[in-house]
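Open the model in your viewer and keep the selection panel at hand. The tour goes stop by stop.

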Amino acid sequence: MAFEWLEDSLRQLNRIQPQEVHQALATERRWPRMAIDSESGLRVLTIWARTAGNRPLVIATRKRTEWDWQCLGARDMKPAEVAEFEKWENG
């Protein structure tokens, strides 16, 4: 599966380095979750995963072709999300 970035999406990363996103997307332990943007109504696939440095991230993607995905953005998990993610990791 290939992930590509829009230039605007890369510029909007807030205190997250692009290589951290790549690390999280490359890890074996990824939790895919469907989400809907409350403002636009856009359905996206979020990937919940950790970087090589153990930083928990949520990465929003959308499908472009059967095997290609576009990264729309990434952010740190909120505390409640970290708790939910850790429950999934340990389950």
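**Stop 1: a side chain and a backbone nitrogen.** Select Gln-17 and Glu-20. A polar atom of the Glu-20 side chain lies 2.9 Å from the backbone nitrogen of Gln-17. A polar contact here is a pair of N or O atoms within 3.5 Å; within protein, one must be able to donate a hydrogen and the other to accept it, and residues adjacent in sequence count only if both atoms are side-chain atoms.

Before moving on, note the ground rules. This is a predicted model, where local features need pLDDT of at least 70 and side-chain atom pairs count only at pLDDT 80 or more, while totals for chains, interfaces and linings use all residues. Residues are numbered from 1 along each chain as its sequence is written, and side-chain values use heavy atoms, with hydrogens and water left out.

**Stop 2: around Glu-20.** Glu-20 sits in helix α2, residues 18-26. Helices (H or I, at least four residues) and strands (E, at least two) are DSSP runs, numbered from the N terminus. Is Glu-20 buried or exposed? Glu-20 is buried, at 15% relative accessible area. Buried means under 20%, exposed over 50%, partly exposed in between (1.4 Å probe, protein chains only). Now show its contacts (heavy atoms within 4.5 Å). Leaving aside neighbours within four places in sequence, Glu-20 touches Arg-15, Thr-51, Arg-55 and Leu-57.

**Stop 3: Thr-51.** Select Thr-51, in the loop between β3 and β4. Thr-51 is buried too, with 8% relative accessibility. Beyond four places in sequence, its contacts are Glu-20, Gln-23, Ala-24 and Leu-57.

Stop 4: Show the strands as cartoon. Five strands make an open sheet in the order β1-β5-β4-β3-β2, with mixed pairing. Two strands pair if DSSP finds at least two bridges between them. The edges are β1 (2-5) and β2 (31-36); each has a single partner strand, so one side of each is left without a neighbour in the sheet. On average, neighbouring strands are turned by 40 degrees against each other, direction ignored. Axes are lines fitted to C-alpha atoms, for helices over the stretch in contact, and angles run from 0 to 180 degrees between N-to-C directions.

Zoom in on β4 (residues 56-63). Seven bridges join β4 to β5 (residues 68-76), antiparallel. Four residues lie between these two strands in their hairpin. β4 also pairs with β3, antiparallel, over six bridges. Leu-57 pairs with Asp-76 in β5.

**Stop 5: helix α3.** Select residues 79-90. This helix packs on the sheet and touches β2, β3, β4 and β5. Its direction makes about 70 degrees with that of β3.

**Stop 6: the largest pocket.** The largest pocket holds about 370 Å³ of space. Of its 18 lining residues, the closest to its centre are Asp-37, Val-44, Thr-46, Ala-60 and Leu-72. On a 1 Å grid over the protein atoms alone, a pocket is an open set of points where a 1.4 Å probe fits, with protein on both sides within 12 Å along at least five of seven lines; lining residues have an atom within 4 Å of a point. Grid points are joined across faces, edges and corners, and the volume is the space filled by probe spheres set on the points. Which strand gives the largest share of the lining? β5 does, with four residues.
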